[in-house]
Amino acid sequence: MIRPVITLDIDWAPDVAIDFAADLLATAGAKATWFVTHASPAVDRLRQRPDLFELGIHPNFLPRSSHGTTPEEVLDYCMKLVPDAVSMRTHSLVQSTPLLATVLARTPVRCDATMLLSHAKRTEPFEYQWGGTTMLRVPYHWEDDIEMIRDVPKFSLDDAIAGEGLRVFDFHPIHVFLNSADMKPYEGLKSAVKPLNEATLEAMQPFVYNGAGSRTVFEALAKYAGAHGGGERIGDIYNAWKAGR
Ligand SMILES: [Zn+2]
């Protein structure tokens with residue numbers, strides 16, 4: 001049985017892109033986990049749908065991060081954005097054992113979705129035990145912008161969902177909006193519309209790609225999840241694991 005899980009890395013997307021992806025999900029009745037990078041009215045609107053949406057954190061540990069200069073600063077910043085977060089995925093998938101130790105010591109986050117097992121046909125959550133504390137790690141197998149740089153990108157749900165059990169997907173609201181199949185629409189938008197985080201629907205519309213892209217997979221997956229009880233969120237997987245311990 002396939003169990004669809006939709007996640008999104010917000011990655012400082014403009015509000016119109018966040019609203020657009022949220023509306024597609026809500027219309028389909030699909031649940032999702034949103035990994036938050038910043039405060040905005042669109043993020044606040046996501047909070048109004050706890051029946052569908054879970055918010056986690058998306059800490060940026062890279063140099064020159066707007067979240068802070070040390071792992072502690074970055075985590076404190078992100079936990080202020082989502083004080084009740086139990087899940088995370090790090091920006092650019094930055095990870096290390098010291099970093100996970102800091103997360104466990106400093107935050108209530110106990111579920112991590114940073115491990116990309118690209119196109120693995122089967123993935124399972126596993127326990128990461130560290131000094132008496134356990135983190136549940138939920139790998140994912142498909143990401144829209146990683147698909148773009150594969151040798152032969154395939155933006156179809158059949159290809160993306162192939163496998164069994166948990167099928168955890170990662171999308172970016174900007175790529176869902178632009179229906180990106182490569183980075184060209186995004187690069188075009190970035191050079192034409194500044195600042196990007198204040199972009200309007202009208203300004204972004206000309207850059208939307210007409211072929212099969214990120215939105216193609218996202219829409220089809222949202223419909224699939226909607227037809228299968230809404231799908232699961234990272235927090236649902238974590239809660240089921242916790243209840244079974
Ligand atoms: Zn990111």
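Colleague: What makes F218 count as buried?

Modeller: Happy to explain, and bear in mind that this is a predicted model. F218 has a relative accessible area of 0%, and buried means under 20%, so F218 is buried.

Colleague: Why is the pair of F171 and F218 called edge-to-face?

Modeller: Their planes stand at 80° to one another, with 4.9 Å from centre to centre. Planes over 60 degrees apart count as edge-to-face, so the label applies to F171 and F218. F171 lies in strand β9 and F218 in helix α10, so the pair ties together parts that are 47 residues apart in sequence.

Colleague: And why is the pair of Y238 and W241 called tilted?

Modeller: The planes of Y238 and W241 meet at 40°. Stacked needs under 30 degrees and edge-to-face over 60, so this pair is tilted. Y238 and W241 both belong to helix α11, three residues apart.

Colleague: Now the metal: why is the site of the zinc ion called irregular?

Modeller: The angles among its four donor atoms run from 51 to 135°. Tetrahedral would need all angles between 85 and 135 degrees, and square planar would need all angles other than those between opposite donors to lie between 65 and 115.

Colleague: Which protein atoms are the donors of the zinc ion?

Modeller: They are D11 (OD), D11 (OD), H58 (NE2) and H91 (ND1), 2.1 to 2.8 Å from the zinc ion.

Key:
Residues are numbered from 1 along each chain as its sequence is written. This is a predicted model: local features need pLDDT of at least 70, side-chain atom pairs count only at pLDDT 80 or more; totals for chains, interfaces and linings use all residues. Side-chain values use heavy atoms; hydrogens and water are left out. Donors are N, O and S atoms within 2.8 Å of the metal (3.2 Å for Na, K and Ca); water is not among the atoms, so sites may look incomplete. Four donors count as tetrahedral if all angles lie between 85 and 135 degrees; four count as square planar and six as octahedral if opposite donors are over 155 degrees apart and all others between 65 and 115; anything else is irregular. Rings of Phe, Tyr and Trp (its six-membered ring) pair if their centres lie within 6.5 Å; planes under 30 degrees apart count as stacked, over 60 as edge-to-face and the rest as tilted. Helices (H or I, at least four residues) and strands (E, at least two) are DSSP runs, numbered from the N terminus. Buried means under 20% relative accessible area, exposed over 50%, partly exposed in between (1.4 Å probe, protein chains only).
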